[in-house]
Amino acid sequence: AGSVFGGDRLDVDVCLEAGAALCLSTPSATRLQGDALSMQTTRVSVGEGAFFESVPDMIIPHPDAVHRQQTYIDLAEGASAIVVESLAPGRTARGERHAYQSIDLRLQASFRGSPVLRDASGFRPREADPALEGGLGGEGYVGSLFALTGLTRDGQAEDLAARIGAALADVPGVYGGASALASGHGAVARFLASDAPSLRQATHAAWDAARRGLRGLPAPKLRK
């Protein structure tokens with residue numbers, strides 16, 4: 001698996017021209033190593049009628065890791081996007097669960113420069129156990145999917161959320177759901193799993209449902 005080390009500062013800039021389509025992924029999980037702050041900032045511009053997907057494998061934090069991830073995505077008229085984030089509790093095969101210092105994930109989505117979504121997730125095990133009821137519980141593996149569209153036809157966001165929620169409900173041992181954005185510009189899904197294979201299965205199920213809803217096409221099987 002690839003690694004991000006303490007002290008790393010990673011900047012990713014992606015620009016899709018009108019009508020383009022792009023799917024970004026990773027060949028394996030991303031491990032977070034070291035006890036100094038690492039940061040990744042991704043800025044995405046999606047042109048008119050273009051389609052952007054970001055479906056990386058999960059983040060696996062090592063003990064004492066400190067990581068901050070920020071994603072900014074701006075969509076033009078008729079553009080759409082699917083963005084996935086997923087996190088493991090640690091190297092569970094070694095008995096490590098939530099041994100990192102802190103993980104912060106931030107995402108802002110805008111249409112033609114006007115924000116329609118700000119999302120934030122933060123985990124600091126030394127301040128509050130993520131496994132507490134109301135947090136991640138006993139599952140520990142967590143995923144988020146953001147399905148964004150510039151089209152705001154009546155009922156489209158609700159239909160998209162229903163599709164994704166139904167797909168997650170069909171994955172054994174996974175707890176999750178989806179809600180339409182109040183702006184009508186898409187839907188957001190959250191899901192919890194007890195192990196890595198279940199998280200990957202849930203991620204693909206939610207991605208497939210979102211892709212069918214936005215593009216009328218199934219999600220491809222990514223090579224790993």
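Is threonine 203 buried or exposed in this structure? Threonine 203 is buried, with a relative accessible area of 9%, where buried means under 20% relative accessible area, exposed means over 50%, and partly exposed covers what lies in between, for a 1.4 Å probe and protein chains only. This is a predicted model, in which local features need pLDDT of at least 70 and side-chain atom pairs count only at pLDDT 80 or more, while totals for chains, interfaces and linings use all residues. Residues are numbered from 1 along each chain as its sequence is written, and side-chain values use heavy atoms, with hydrogens and water left out.

**The chain as a whole**

- The protein chain contains two helices and 14 strands, which are DSSP runs numbered from the N terminus, with helices (H or I) having at least four residues and strands (E) at least two.
- The radius of gyration of the protein chain is 17 Å, which agrees with the value near 17 Å that a compact globule of 224 residues would have; this radius is taken over C-alpha atoms, and the globule rule is 2.2 Å times the number of residues to the power 0.38.
- Along its principal axes, the C-alpha trace of the protein chain spans about 45 × 35 × 35 Å, and 49% of the 224 residues count as buried.
- Among the contacts in the protein chain with a separation of 6 or more, 76% are between residues 24 or more positions apart, a contact being heavy atoms within 4.5 Å.

**Threonine 203 and its surroundings**

- Threonine 203 has its place in helix α2, which covers residues 196-215.
- Not counting residues up to four places away in sequence, threonine 203 touches Val55, Val84 and Phe191.
- Threonine 203 and arginine 112 are 91 residues apart in sequence, and their C-alpha atoms are 28 Å apart in space.

**The largest pocket**

- The largest pocket has a volume of about 420 Å³, a volume being the space filled by probe spheres set on grid points that are joined across faces, edges and corners.
- Of the 23 residues that line the largest pocket, the closest to its centre are Gln40, Thr42, Ser54, Pro56 and Gln69.
- On a 1 Å grid over the protein atoms alone, a pocket is an open set of points where a 1.4 Å probe fits, with protein on both sides within 12 Å along at least five of seven lines, and lining residues have an atom within 4 Å of a point.
- Two or more lining residues come from each of the strands β4 (30-33), β5 (37-46), β6 (51-54), β8 (66-75) and β9 (80-87), and β9 gives the largest share, four residues.
- By class, the lining has 11 nonpolar, 10 polar and two charged residues; here Ala, Val, Leu, Ile, Met, Phe, Trp, Tyr, Cys and Pro count as nonpolar, Asp, Glu, Lys and Arg as charged, and the others, Gly among them, as polar.

**Cysteines**

- A search of the whole structure finds zero disulfides, a disulfide being a pair of cysteine sulfur atoms within 2.5 Å.
- The sulfur of cysteine 23 is 18 Å from the closest cysteine sulfur, that of cysteine 15, and is therefore too far away for a bond.
- Cysteine 15 is exposed, with a relative accessible area of 62%, whereas cysteine 23 counts as partly exposed at 32%.

**Loop residues with positive phi**

- Most residues other than glycine have a negative phi.
- Histidine 98 has a positive phi, near 55°; this histidine lies in the loop between β9 and β10 (102-111) and is buried, with a relative accessible area of 11%.
- Arginine 112 also has a positive phi, of about 50°, although it is not a glycine; arginine 112 sits in the loop between β10 and β11 (114-123) and is exposed at 64% relative accessible area.

**Other loop residues**

- Glycine 113 is found in the loop between β10 and β11 and counts as exposed at 52% relative accessibility.
- Glycine 138, in the loop between β11 and β12, is exposed with a relative accessible area of 64%, and, leaving aside its neighbours within four places in sequence, glycine 138 is in contact with Arg97 and Ala131.
- Aspartate 154 lies in the loop between β12 (141-149) and α1 (156-169) and counts as exposed at 81% relative accessibility.
- The C-alpha atoms of aspartate 154 and glycine 184 are separated by 8.2 Å, although these residues are 30 residues apart along the chain.
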